[in-house]
Amino acid sequence: MKYDGFLARVRERGEYTDQDEAADVSNAVLEVPAQRISPGEVKDLASQLPGPLGQVLDRATPQQARSFGIEEFYRRVAERTHARPRTAQWDASAVLTTVADAVTGGTLERHVSVGE
């Protein structure tokens, strides 16, 4: 999937006003799982996303992954997007369902399982 196509899907799913808003939300959401999964998993996921999004993942990768659950995931998304937790859930859904469309089967579930 190309970058513009990715953003168009996020924009449609999230009902954002334009591609810039879809890009900002995508970047903010992708920074969160990048901190939760190992550097190797980040590289695998980043390699399957359009260039700028893979770069977001690479830049957000810590030396060591941190474990946190779904509520903390949404809190961190909300913090990055300056939104309420409910809006963060909406944002995360718009981005992560598009990521699921863009990567090979099972990659997203294997690397970004936040419901633990």
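R36 sits in the loop between α2 (19–34) and α3, where helices are DSSP runs of type H or I with at least four residues, strands are E runs of at least two, and both are numbered from the N terminus. The model is predicted, so local features are taken only at pLDDT of at least 70 and side-chain atom pairs only at pLDDT 80 or more, while totals for chains, interfaces and linings use all residues. Residues are numbered from 1 along each chain as its sequence is written, and side-chain values rest on heavy atoms, with hydrogens and water left out.

With a relative accessibility of 13%, R36 counts as buried; the term means under 20% relative accessible area, with exposed meaning over 50% and partly exposed in between (1.4 Å probe, protein chains only). The R36 side chain reaches the backbone oxygen of F68 at 2.6 Å. This is a polar contact, a pair of N or O atoms within 3.5 Å; within protein, one must be able to donate a hydrogen and the other to accept it, and residues adjacent in sequence count only if both atoms are side-chain atoms.

Stepping back to the whole chain, the secondary structure comes to 7 helices and 0 strands, and the pattern along the sequence reads α-α-α-α-α-α-α. Of its 116 residues, 44% count as buried. The accessible surface is about 6,300 Å², and carbon and sulfur atoms contribute 45% of that surface; areas come from the Shrake-Rupley method with a 1.4 Å probe, and for residues only the protein chains shown count as cover. Among contacts (heavy atoms within 4.5 Å) with a separation of 6 or more, 67% join residues 24 or more positions apart.

The axes of α3 (residues 39–47) and α4 (residues 51–60) come within 8 Å and cross at roughly 170°; axes are lines fitted to C-alpha atoms, for helices over the stretch in contact, and angles run from 0 to 180 degrees between N-to-C directions. The crossing makes α3 roughly antiparallel to α4, a label for angles over 145 degrees, whereas those under 35 count as roughly parallel, 65 to 115 as roughly perpendicular and the rest as oblique. Here V42, K43, L45 and A46 of α3 meet G54, L57 and D58 of α4. Sorted by class, this contact has 4 nonpolar, 1 polar and 2 charged residues; Ala, Val, Leu, Ile, Met, Phe, Trp, Tyr, Cys and Pro count as nonpolar, Asp, Glu, Lys and Arg as charged, and the others, Gly among them, as polar.

Two further helical residues are worth a look. T98 belongs to helix α6 (residues 85–102) and is buried, at a relative accessible area of 0%. Leaving aside residues up to four places away in sequence, T98 touches M1, F6, R9, V10 and R13. D24, in helix α2, is exposed at 54%. From D24 to T81 the C-alpha to C-alpha distance is 8.0 Å, although 57 residues separate the two in sequence.

Most residues other than glycine have a negative phi. At a relative accessible area of 73%, H82 is exposed.
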